[in-house]
Amino acid sequence: MTTSKADLIYSSPHNKIKDFSFDAQVVEVFPDMIKRSVPGYSTIIETIGQLSQSYVQDNTNVYDLGCSLGSATLAMRQNIHAKNCQIIGIDNSSAMIERCQMHINAFKGAIPCSIIQGDILETPIENASMVVLNFTLQFIDRDKRQQLLNNIAKGLNKGGILVLSEKISHHNEHCHQLLTDLHHDFKRNNGYSDLEIAQKRTALEQVMKPDNLETHFDRFTQAGFSHASTWFQCFNFISMLAVK
């Protein structure tokens, strides 16, 4: 298994800041980037594993949509007790998929895992007991997000669960700015400079479009989920669950 490098992508001034993408450069530093940028990430991953113990059913499929390097897939693989089930991890980044497969191979487990490069909007969700969207929906075009939630709900068996983690916006500008400032302080405390924070924010502006909490819950209702709740929040990062 390869060792993660330090995230120095935005540490020096860029003449032109290109849109953020999950390319080979990002893959090399992704674990460090996530650890220093996303508060509570390890707690979210651990809890996804914990939830898989309760919700994954025998003879069903489990989906990790936007699997990146496979952290959620591995957490579920280590915790699932159901029989005759499989995890399907999907990501559209070839660099992510290549490294994810290496991670899956490095940590053997009893649950079979299929790691596939593909578009999650075109992925059929079938006979599912658990689906994970871990900081993925925010990178999907807004006008296609409801369609994705609908497809997930349709493919989930009754009693199945969706775990959706996202960065959120806030309809109140004062609160939005407060949460943003707290997040930037978190990044500074983890060694990022103001230059790095500013350049990363510029890179993400056109590719990551967060929604507010009310929009997420409206989508759950429209998709036909019976129950939904926020179970985790730190600053402007949240994780929700929705049960069919």
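The axes of helix H2 (residues 41-55) and H3 come within 8 Å and cross at roughly 40 degrees. This is a predicted model, in which local features need pLDDT of at least 70 and side-chain atom pairs count only at pLDDT 80 or more, while totals for chains, interfaces and linings use all residues. Residues are numbered from 1 along each chain as its sequence is written, and side-chain values use heavy atoms, with hydrogens and water left out.

**Exercise 1. Classify the packing of H2 against H3 and describe their contact.**

Step 1. Helices are DSSP runs (H or I, at least four residues), numbered from the N terminus. Axes are lines fitted to C-alpha atoms over the stretch in contact, and angles run from 0 to 180 degrees between N-to-C directions.

Step 2. The axes of H2 and H3 cross at roughly 40 degrees. That makes H2 oblique to H3; angles under 35 degrees count as roughly parallel, over 145 as roughly antiparallel, 65 to 115 as roughly perpendicular and the rest as oblique.

Step 3. H2 and H3 form a right-handed crossing (the near helix is turned clockwise from the far one by less than a right angle).

Step 4. From H2, Tyr41, Ile45, Ile48, Gly49, Gln50, Ser52 and Gln53 make the contact with Ser71, Ala72, Ala75, Met76 and Asn79 of H3. Contact means heavy atoms within 4.5 Å.

Step 5. By class, the contact of H2 with H3 holds six nonpolar, six polar and no charged residues. Ala, Val, Leu, Ile, Met, Phe, Trp, Tyr, Cys and Pro count as nonpolar, Asp, Glu, Lys and Arg as charged, and the others, Gly among them, as polar.

**Exercise 2. Describe how H1 packs against H4 and against H6.**

Step 1. H1 (residues 24-37) and H4 (residues 94-106) pack at about 40 degrees, with their axes 8 Å apart. That makes H1 oblique to H4. The crossing of H1 and H4 is right-handed.

Step 2. In this pair, Ala24, Val27, Glu28 and Phe30 of H1 meet Ala95, Met96 and Arg99 of H4. Five of the residues in this contact are nonpolar, none is polar and two are charged.

Step 3. The axes of H1 and H6 come within 8 Å, crossing at roughly 130 degrees. H1 and H6 are therefore oblique to each other.

Step 4. Lys35, Arg36 and Ser37 of H1 make the contact with His183, Phe186 and Lys187 of H6. The contact of H1 with H6 comprises one nonpolar, two polar and three charged residues.

**Exercise 3. Characterise the largest pocket and the largest cavity.**

Step 1. On a 1 Å grid over the protein atoms alone, a cavity is a set of points where a 1.4 Å probe fits but cannot get out, and a pocket is an open set with protein on both sides within 12 Å along at least five of seven lines; lining residues have an atom within 4 Å of a point. Grid points are joined across faces, edges and corners, and a volume is the space filled by probe spheres set on the points.

Step 2. The largest pocket has a volume of about 1100 Å³. Among its 49 lining residues, Phe22, Gln138, Phe139, Leu204 and Met208 are the closest to its centre. H6 supplies the largest share of this lining, five residues. The pocket lining has 22 nonpolar, 18 polar and nine charged residues.

Step 3. The count is one cavity of 30 Å³ or more, and the largest cavity has a volume of about 60 Å³. Asp7, Tyr10, Lys187, Tyr192, Glu196, Ile197 and Lys200 form the lining of the largest cavity. H7 (194-204) gives the most to that lining, with three residues.

Conventions: Helices (H or I, at least four residues) and strands (E, at least two) are DSSP runs, numbered from the N terminus.
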